[in-house]
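Dear colleague,

I am passing on the structure below, and my notes on a helix pair and a set of strands follow it.

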Amino acid sequence: MSTLLANASRLKPEIRLAQAVSQFEADLSSEHKAAFRTHRSQSHNCPPNHSDVMRLAAEIDRCASRKFGGGRCFGPRLINVLQAVQQFAALGDVIVGGSQNIIACGVWSLFMVNTTSYLEKLSVLFMGVGRSAPRYQMMALLYPLSKNLQSSLSEYFIVVVRLCHQLLKFTQKSILGQLVSTLSDSDTKVYQSELDFWANSIKEEVNLLIGQKIEEEARENSGFRALSNKFSETALQHRKLKTKLRLLDSCSMYDYEITWKQTRKVGNATLFCRTTQYQDWRGRLDSCTLVYTGKLGSGKSVLLANIVDDLNLYVQDKNIAVAYFFCRHDILESLKAQTVIGSLARQLLRLIPDLSVAAEFLDENASALDFKKLLSLLQRALLPNFKAYFVLDGVDECGAVERQILIQQIQQLQQTFALLLCVSTRQEVDNALGLRLEEFTTPSVISIPNDNPDIEDFIGRELEGCLQSGKLSIRDPTLVIEIQNALLEGAQGMFLWVALQIKSLCAEKTDEAIRQALADLPKDLSETFSRILLRSQDLGKSYQRQILELVTAAQRPLTTEELREALSVIPGDTTWNPARLLNELYSTLACCGSLIAVDEEELTIRLVHHSVKQFLLSGSEDSNGVPFTINSACKRMADTIITYLNYGVFDTQLSTMVVPKIMTASAPSRIIRSALDSSCNTRSIALKLLHLRKQPNYDIGKALTAASKHFKPRSENEFHFHCYAKSYWIHHSWCISNQEPVIYNLLVKLFERQPIDANTID
């Protein structure tokens, strides 16, 4: 980091960014150099928008599929980084042009690499970078106000350009040269460290600027006026941008992108490309509806996620919008009609540069616009010939009332402008929540067949990946054909069933065991779920029910650290004891088998499919014969939260550390543990203590004190489950009964001590 800071003092960051861009451009081939210059010129005339990000990510996956065949999707992993670059490029004259295209060309060059494993590695790197990438919708408002922000952004993108430049040089080597000079883990860690450093600097400066009165500072600061003139940022443009951001936020602030990214990563689908119905729907100029129906686990969500990509590649007119929304059974906010329609409105309005004509819809007292105002806003802001695609998945998960409201609102929108809707629904006979086709405008129905050609491709890709990674080990090479045939025969159109069987087969240790498993494959998803839980419970029987109940009852997916803390809570015991925290969460999650999934980017925990929740709540029992019910799950969460919020650490100051004199031979292990906070350094310090124990008269107290300087006492913000508990304790507290005096008394104390936010109560 000292080298980084030393280099930063040589030339201004914007000059070094220009140099990095020039060096990158100089090493491009003649063909790529011409394309690069064309893209850069286009970005000056028409700055990239969010649609360009989606289009680029889709193009990356299309190129990867052509070069390596179907399989893993890499585009969604790059979305966050691409959005940061797009926002930077869209700032206009305040930057050295072409930054959007630098990362585009850099990522594009990866497809010249001849190994999918390298592409996998680099996409993981970009995904990690994306977690801290500077993505702030207010960036254009804040940028002119701070030299520190301008410098930090330039420094950040200097590192991005350097990374892409190194990737470019790598792809220009021969195959032998690539083998001997691959990007090492140490190289990636250096880039990650530098990017995290500048991202944190940007975050701190943005938070500082947001906390200030921007308008007052802008009026009084002559420096701001000078910058405004220099960067062609007039006060009028500033007000227009601020109006647009406020209007977008008044539509919705729900993050609809996460669920699409998670779904898209599952894999590719081509079924929609094979039908003329889809092609006809896509080419229509008026409002119409395409309905995909299929059984549980037939891949409807993945299919619609792929359709989003296809539409982004198909639409070349920036005035045509591609909007989407994926309802999630475990995110209650996503099951509300207001959230869906608000997110749709936000995506449609985002394409319009100037929303000043709709400024009257801003209400200082209302946080979100109601349906009537949303419709009026769209009528005012959109042109009469406006056209948009809307891909909507998971409507079956919404309650009957919310679903009916949602359909009514979509009908009104389809009558207002050309809205081409693509929606999915289950076709089960017992699906009482099914959609009625007559409720949609000009509906056309496509049923996903049991012999879906995508399933055979999916089985082949999954088996190939498992063999290459070593997850599936076989002695007889012909066994893989037996596996493929058995899965094809038993799939009955269910991708989920196939995926779970492959994971189970990978756990078998011999060819004989695999053949026995193939002879006794479960007939449906319910039987599959039962077998997985029965087989996995030995890996953590005491935790299996707790995990499933907490994940099922959560109002939104819990992060890994939130679940770790929640599992450490003993209902009724209000003493915080860090020794109860799981040392390794992922091995404990194995007790739920493949029914629990951890998102690689968000690090959130969820059930692998909404059908797992239906299975659990439809009479499933644990190993002790106790039924799994929604009441038991909600009670578990309520008891956990009420106990957790009554921990004394939340209302008392942690004690100041005193330097003790503790001789090694007499040091109780609990004192050593209490002296140190949990950290990634724990392992190295523990190893040092083992060596020190060989010296009986060594004062370990001083050693612990010195080591503890690297640790900070836990603040309220460092208790990961605290944010969820404080946000949802009112909702969960309704499950508490006065028949349980210990928990009930803790709840009373909580009401006496905690302020109640009316917004948290539905």
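At roughly what angle do the axes of helix α23 and helix α25 cross? Before the answer, please note that this is a predicted model, in which local features need pLDDT of at least 70 and side-chain atom pairs count only at pLDDT 80 or more, while totals for chains, interfaces and linings use all residues. Residues are numbered from 1 along each chain as its sequence is written, and side-chain values use heavy atoms, with hydrogens and water left out.

The axes of α23 (residues 495-506) and α25 (residues 525-536) come within 10 Å and cross at roughly 25°, the axes being lines fitted to C-alpha atoms over the stretch in contact, with angles that run from 0 to 180 degrees between N-to-C directions. The two helices, α23 and α25, are therefore roughly parallel to each other, a term for angles under 35 degrees. Their contact (heavy atoms within 4.5 Å) is made by Leu-496, Trp-497, Leu-500, Gln-501 and Ser-504 of α23 and by Leu-525, Thr-528, Phe-529, Ile-532 and Arg-535 of α25.

Turning to the strands, β8 (residues 604-607) is covered on both faces, with Thr-604 and Arg-606 on one side and Ile-605 and Leu-607 on the other, all of them buried, that is, under 20% relative accessible area with a 1.4 Å probe, protein chains only. Strand β6 (residues 558-559) runs antiparallel to β8 and is joined to it by 2 bridges, with Leu-558 opposite Ile-605. Strand β7 (residues 596-598) is also antiparallel to β8, through 3 bridges, and Ala-597 has Arg-606 as its bridge partner there.

Best regards

Notes. Helices (H or I, at least four residues) and strands (E, at least two) are DSSP runs, numbered from the N terminus. Angles under 35 degrees count as roughly parallel, over 145 as roughly antiparallel, 65 to 115 as roughly perpendicular and the rest as oblique. Buried means under 20% relative accessible area, exposed over 50%, partly exposed in between (1.4 Å probe, protein chains only). Two strands pair if DSSP finds at least two bridges between them.
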